[in-house]
Amino acid sequence: MLMAILAVVGGLALLVWSADRFIDGAAATARYAGMPPLLIGMVIIGFGTSAPEMVVSAFASIQGNPNLALGNGYGSNIANIALILGITALLSPIAVHSQILRKELPVLMAFTLLAGYQLLDGQITRMEAVVLLGVFFLMMGWSIMQGMRQRGDALGSDVEHDMEGETQMTLRQGILWLVVGLVLLVVSSRVLVWGAVDIASAMGVSDLVIGLTVVAIGTSLPELASSIIAVRKNEHDLALGNVIGSNMFNTLAVVGIAGSIQPMSVSPEALYRDWVIMAALTASLFVLGYGFRGQGRINRLEGGLLLSVFIGYTGYLVYGVLNA
């Protein structure tokens, strides 16, 4: 049990560090390749912040624990909105200027409804997982088209400003950190999955709950760090873009990769408890961020409410474990 706990703690620490290196290397390499800042923000950073969830879920499914992968994907979405945006908005209210993000919010809501529809029969088949991956690649194509066409968006300005404020990597350094970060992501994910599964077995807790709590919060730490840094630099659109992009990747690619490796039987709680919370939070983000009567904005009160939802939801899961 002690070794499993150390594996989870050490795996999460290495996962967060390697994800940060991977994102920096990928962004630097993309910049040298001439990729527009808006496209880097929509695709490279979105992919990089979700890389921990993707790799963890792939290994969980390969090792016969697909529900850990499902919990990781849905739990990360819940943590991204309720925990990360909650904390970020408490530090500084988040104003939405980007038209791209306003377009992505209803798309994210549609993806969430698709995920709920697939859970209705209590399973995610390999075909349903392939559908998720197909929609994911269509979304990537749409994102690339938007990033190439709409050069003057506020999100692109935030990304450009963020890159200018950092120490510039050479192309060789960017490729090096891209490769090193990816290798360490794989290693740390494998260690983390082993530790999480071992703890779940020892405590008699389901893989789904471990994925929704320990693993989901841990793999969301890169988004938390990048969002806090972004909002402290007054780059509000980048902070929100990190969460929207990550949630799209989690809903489609993370669950899609896991389900295509091994189809999963899903407990009713995943739909009536976890998906409902995820959908409600996504709907609230849509309403707050879209700004139907003006500019979208998440103020401190709303941030506090989001954080309260996360604390209440996590507390409910923990209470269920302790009283099982």
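Buried means under 20% relative accessible area, exposed over 50%, and partly exposed in between, with a 1.4 Å probe and protein chains only. The model is predicted, so that local features need pLDDT of at least 70 and side-chain atom pairs count only at pLDDT 80 or more, while totals for chains, interfaces and linings use all residues. Residues are numbered from 1 along each chain as its sequence is written, and side-chain values use heavy atoms, with hydrogens and water left out.

**Exercise 1.** Describe how helix α8 and helix α11 pack.

*Solution.* Helix α8 (residues 207-219) and helix α11 (residues 268-290) pack with their axes 11 Å apart and at an angle of about 15°. Because angles under 35 degrees count as roughly parallel, α8 and α11 are roughly parallel to each other.

**Exercise 2.** Locate the nonpolar surface patch and state which helix gives the largest share.

*Solution.* The patch, of about 570 Å², is made by Tyr 32, Leu 171, Ile 175, Val 179, Val 183, Val 187 and Val 191. Helix α7 (residues 171-203) contributes the largest share, six residues. Leu 171 lies in helix α7 and, at 39% relative accessibility, counts as partly exposed.

Note on methods
Patch = residues over 30% accessible without salt bridge, like charges linked within 9 Å, V, L, I, M, F, W, Y side chains within 5 Å. Areas by Shrake-Rupley, 256 points an atom, 1.4 Å probe, with all protein chains shown as cover. Salt bridge = Lys/Arg side-chain N within 4 Å of Asp/Glu carboxyl O. Helix = DSSP H or I, 4+ residues; strand = E, 2+ residues; numbered from the N terminus. Axes fitted to C-alpha atoms, helices over the stretch in contact; angles between N-to-C directions. Parallel < 35°, antiparallel > 145°, perpendicular 65-115°, else oblique.
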